[in-house]
Structure formats: structure tokens, C-alpha cells
There are 2 protein chains.
Amino acid sequence: MNIRNALTTTENPAGQANAKTPSPQSHLKNLDSLATVVPCRRGQEICGQGRPAETWYCVLSGAARRYVIRLDGRRQIVDLLLPGDCFGFSAGGDYDFAVEAVTDGTVVAGYPRRRAEMLADSDPRVSREIRQAAFEALSRLQSQLLIVGRITALEKVGSFILEMAARLSRASSRRVALPVSRYDIADYLAVSVETVSRSLTDLKHRGVIRMSGTRTLEIMDRDALEDGESLAHLAPAQNAGRYHDTAQLR
Amino acid sequence: MNIRNALTTTENPAGQANAKTPSPQSHLKNLDSLATVVPCRRGQEICGQGRPAETWYCVLSGAARRYVIRLDGRRQIVDLLLPGDCFGFSAGGDYDFAVEAVTDGTVVAGYPRRRAEMLADSDPRVSREIRQAAFEALSRLQSQLLIVGRITALEKVGSFILEMAARLSRASSRRVALPVSRYDIADYLAVSVETVSRSLTDLKHRGVIRMSGTRTLEIMDRDALEDGESLAHLAPAQNAGRYHDTAQLR
DNA sequence: TTGCCGCCTTGATGACTGTCAAAGTCACAA
DNA sequence: TTGTGACTTTGACAGTCATCAAGGCGGCAA
């Protein structure tokens with residue numbers, strides 16, 4: 001399969017994720033020559049935790065989840081990968097995470113690290129492209145940290161929806177097709193599935209979102225999702241900023 | 001001030017962070033020619049959120065915190081920077097975070113991004129060094145996400161201690177000098193200060209750690225901190241892995 | 001149609017943690 | 001010594017969430 005084709009053919013058998021082809025903004029184009037295109041079935045493992053980090057990847061279509069299994073058996077998803085997102089970067093010699101395809105239509109491009117690095121050495125464009133991809137991964141991770149760091153589950157789910165809305169649709173449409181199950185959302189947000197479900201129900205009852213089926217929703221009140229504070233049942237946080245009296249400066 | 005001096009002179013007026021000079025493993029050496037060494041006072045801002053991302057930085061000594069202020073006034077620390085750690089990477093044109101020095105002895109090296117990129121274009125060693133620094137930032141962020149994603153505060157605080165122990169001391173000594181206040185820990189873990197304090201007290205009472213002063217502790221029972229499960233008051237999680245029955249695969 | 005299997009939702013309950021309040025500790029300066 | 005300010009700890013209480021337990025829903029195959 002040609003990599004260009006893989007990109008333009010972006011088409012999602014699961015019928016969920018990216019109907020609109022969120023235009024792989026990253027996709028290491030200057031590395032095309034090294035790319036191996038791999039179509040994946042749902043649940044198929046792409047990277048294994050602990051295995052040597054010999055390949056960098058880029059999602060061409062579909063979706064993938066990067067995750068870690070904790071000692072207690074819990075799974076923590078540490079990145080949701082959509083078309084254009086790169087992964088497989090590791091500071092050490094081995095992957096310290098696993099990655100698997102979420103849906104059947106998922107296609108990724110793999111780039112042998114060694115050869116990619118050599119190419120980067122000789123071609124600044126490649127080098128910059130990889131750097132940019134790493135910076136974007138950094139940015140995604142920071143976003144996730146900010147979401148997971150929120151106080152209530154309602155806020156977490158709310159900001160998750162906004163994040164997905166921003167990443168899935170080029171225009172900020174109100175319609176969002178969640179690419180993942182409640183379980184995945186739960187493990188991404190580090191809360192229980194039940195809580196995710198309840199939060200969604202809650203948002204629905206408040207008229208903040210509207211659902212059509214379990215995976216598609218429409219944002220009715222963006223502001224409510226945005227500040228999160230308006231989602232609080234109670235008072236409007238008169239003590240916000242308390243932490244900083246002493247923490248922020250000095 | 002010479003950059004080499006800054007590095008070897010690493011000495012901490014606050015007397016906390018890195019008595020043992022955790023050997024800046026990163027530190028963009030091949031970029032020394034561009035470096036501007038900046039000594040900072042505690043609380044001094046190094047990067048401002050929203051300002052153009054024109055400089056990359058590396059901590060030479062002391063410590064810094066990278067953070068974001070939320071709409072509700074809360075602060076979320078999204079990276080703790082110790083000697084050798086680089087920051088200032090941004091996918092967009094502006095910093096989407098702020099960074100400030102934690103202690104008085106903090107010294108950072110600043111590298112003009114534009115010029116650094118040009119140098120990277122012509123020198124693969126520079127390019128690799130920057131890439132490596134970005135990968136390390138990625139790794140730190142993933143670690144933090146895993147810590148923040150834990151269930152109980154006791155586990156969060158426990159793994160925070162382990163993380164600090166690993167990053168502060170070259171050998172895995174049992175002695176840890178926390179470089180930051182309880183407030184900083186709280187904002188790093190996304191819990192309240194009170195909870196951090198209580199967790200620490202709890203760990204102390206259980207004999208897992210021993211404290212000398214408020215900022216220095218000794219790890220007495222590493223295993224207890226490690227699995228975190230043994231910290232649970234109750235049953236040994238017979239239902240661990242529940243999520244994955246359906247979530248992990250298919 | 002029936003049954004099965006993922007996945008999603010809802011209830012009940014207790015534990016955990018954020019919040020509010022207040023007091024304790026420490027370093028430093030007057 | 002006394003005072004101040006930053007930081008830390010402890011207590012009380014209510015709200016949120018993980019957990020345990022059932023059902024519900026929808027697609028697919030027999």
C-alpha cells in the first residue's frame with residue numbers, strides 16, 4: 001500500500017473516528033522513503049512495552065492508544081493517537097509503554113529509527129519534522145495532564161470532550177464522534193468507567209451535550225464545558241487562588 | 001559566567017535540592033556557543049505563558065517548575081526541572097506554560113531557538129542532542145501522568161517520593177532532599193496541600209519513610225512505596241484488572 | 001427469533017479527599 | 001527576645017468517587 005494512498009483513503013470501517021479526515025498535520029513526509037505502512041485490526045499491538053525502541057510511528061488513519069499497565073493490573077492510557085500523530089519516541093533504549101490500534105481501520109506508518117536518524121543527520125528538513133512531531137507529542141501529553149489534573153470527574157469528562165472536539169474536527173464543529181469506548185475514556189482520565197458514564201449522563205441532563213447513540217455527541221453549551229467551574233454544583237469558588245498565596249511566588 | 005563553571009559550581013544556597021550534583025546528563029553541550037547563562041532568584045519567572053517561544057532552556061543547577069494557571073486560578077505544575085533537564089519546547093509559536101525558579105541558587109542556560117535550530121540544521125550532533133532532550137521531557141511528562149493518574153493520594157505521594165529519589169540521586173540512595181514545598185508537591189500531584197501533608201504523616205507513621213526536618217526524608221520501606229498496593233488499607237485488590245476484561249483488548 | 005457477548009448505565013455504600021478553620025514550626029530581622 | 005511571614009500540620013465535615021452488583025442495549029451468529 002502506498003503511503004499517500006493510505007493517507008487519502010483514510011476511511012474508517014468502524015465508522016466512528018475521523019469521518020472528516022482530520023488532515024494529518026504532522027505525518028513525517030520527508031521520511032516517506034523509509035515508511036512501512038501497516039494496517040491494523042482493533043486491539044492489535046503496535047509497540048510492546050519493554051521491547052527495544054527501534055521504530056518511530058505515525059498514525060495515518062483510525063486511532064491508537066498508548067498505555068502502560070501498572071503493577072496492580074490497572075491500565076493508564078498516556079496518549080490517544082489520531083491521524084497525523086506520531087509516537088514511539090523513547091529516551092531510553094526500550095519503549096516504556098505499549099501502543100495498540102483502537103479500531104479496525106487503523107493504519108500506521110513505521111519508520112526504522114536508526115535509518116530515520118541517519119536521514120535526519122543529513123537532511124535538516126527531516127530533523128525538524130521529527131523535532132516538531134516530538135514537540136506535538138509533548139503538547140498532547142501536557143494537555144492530558146491538565147485534564148487528568150482537574151478536580152471533579154465532571155470537569156475531566158468535560159475537558160476530554162473539548163479536547164476531542166478540537167482534535168477531531170478541523171473546524172470547531174459542535175459534533176463529536178468519540179473514537180473510543182467508555183473504558184478507554186476512563187483509563188485516559190484515570191477514573192472508573194462508571195464515573196465516566198455517570199458524568200456523561202449528567203452533562204446530558206444539564207443540557208450541556210446531546211447524545212446520538214453512545215459514541216456521537218453534540219456540544220450544546222461550550223462555555224459550560226470550558227471553564228468547568230460552571231459545572232460545579234455549588235458556590236463559584238470564592239477561594240480560587242488560595243494555593244498561590246504562598247505557592248505561586250516567593 | 002562561564003557555562004562550564006555554572007555547571008561544576010552547582011551549589012545550592014537553599015541547601016536542599018542537589019547537594020550531590022545530579023550530573024546534568026542532558027545539558028546541550030554542543031550548543032554551548034549560543035548559551036546565555038542566567039542565575040535566578042527564587043520565584044523568578046523564566047518563561048511566561050503566552051509569550052513567544054523564542055528560547056530553549058536547560059537547568060544547570062537548582063530547580064524550576066513548569067506550570068499552567070487554570071481559569072479558576074488553580075495552578076498545575078506540569079514538570080519539575082532539575083539540573084540537566086531542558087524546557088521551553090513548544091509546538092506552536094508561543095509557550096503554553098510558564099516556568100519559574102524554585103530556589104535562589106537556580107541557574108539556567110538559554111539558547112535562542114532560531115539560532116539553535118540553524119545550528120541543528122548544520123550539525124547532526126546538535127540536532128540529536130535537542131531531540132534527546134525533547135524525548136526526556138516526554139518521558140518526564142509520562143512519569144508524572146502515571147503518578148497523577150494513581151488512585152489514592154497516598155500512592156501519588158509515594159510515587160512522587162520514588163520519582164524524586166530516582167532523579168535526585170545518582171545512586172539509589174535512601175535519602176531524599178525534596179527540592180520543593182508542600183504546595184509545589186500538591187500542585188504537581190493535583191491534590192490539596194493538606195492531603196500531601198497528611199499522606200506524608202501517614203507514611204511516616206507506617207514506618208515507610210522517616211523525616212528529618214520538613215524537606216529531607218529517608219526511605220525505609222521501598223517496596224511499600226513501589227507497588228502502592230501495599231499502602232491500601234484494605235483488601236489486596238482481588239479485582240485488579242477488572243478494566244481490561246473488556247478494555248484492554250477488544 | 002433466540003442467545004451470546006461486548007459495552008454502557010444505574011443504584012447503593014463506604015472510603016477518600018477537598019475545604020474550612022486553626023494552630024504549630026522555623027528562619028530571620030528588629 | 002519578640003514579631004512577622006512563609007510554610008506545615010491537624011481536626012472536622014461534607015461531597016465525590018471507586019467499588020460491588022445488577023440490569024439494559026445492540027449487534028451478530030446460529
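Trainee: How far apart are the end C-alpha atoms of helix 4 of chain B, and what span should its 16 residues have?

Mentor: In this predicted model, helix 4 of chain B covers residues 153–168, and at 1.5 Å a residue its 16 residues should span 22 Å. The distance between its end C-alpha atoms agrees with that expectation, for it is also 22 Å.

Trainee: Which residues of helix 4 of chain B are buried?

Mentor: A residue counts as buried if 20 or more other C-beta atoms lie within 10 Å of its own. In helix 4 of chain B the residues that are buried are L154(B), E155(B), K156(B), V157(B), G158(B), S159(B), F160(B), I161(B), M164(B), A165(B) and L168(B).

Trainee: Where does A190(B) lie, and what is its phi near?

Mentor: A190(B) belongs to the loop between helix 5 and helix 6 of chain B, and with 21 C-beta neighbours inside 10 Å it counts as buried. Most residues other than glycine have a negative phi. A190(B), although not a glycine, has a positive phi, near 60 degrees.

Trainee: Is A190(A) buried or exposed?

Mentor: In chain A, A190(A) lies in the loop between helix 5 (182–189) and helix 6 (193–205), and its phi is positive, near 60 degrees. Because 21 other C-beta atoms lie within 10 Å of A190(A), the residue is buried.

Trainee: Over which residues of chain A is the pLDDT below 50?

Mentor: Chain A has a mean pLDDT of 84, and 80% of its residues reach 70 or more. Beyond near neighbours in sequence, one stretch with pLDDT below 50 has 56 contacts in the model and another has 22. These stretches are residues 1–23 and residues 233–250.

Trainee: How many helices and strands are there in chain A?

Mentor: Of the 250 residues of chain A, 47% count as buried, and among its contacts between residues at least 6 apart in sequence, 74% join residues at least 24 apart. As for its secondary structure, chain A has seven helices and 11 strands.

Methods: Residues are numbered from 1 along each chain as its sequence is written. Chains are lettered from A and ligands numbered from 1 in the order in which they are written. This is a predicted model: local features need pLDDT of at least 70, side-chain atom pairs count only at pLDDT 80 or more; totals for chains, interfaces and linings use all residues. Helices (H or I, at least four residues) and strands (E, at least two) are DSSP runs, numbered from the N terminus. The expected span of a helix is 1.5 Å times one less than its number of residues. A residue is buried if 20 or more other C-beta atoms lie within 10 Å of its own, exposed if 12 or fewer, and partly exposed in between; C-beta atoms are placed from the backbone. pLDDT is the predictor's confidence in each residue, from 0 to 100. Two residues are in contact if their C-beta atoms, placed from the backbone, lie within 7 Å.
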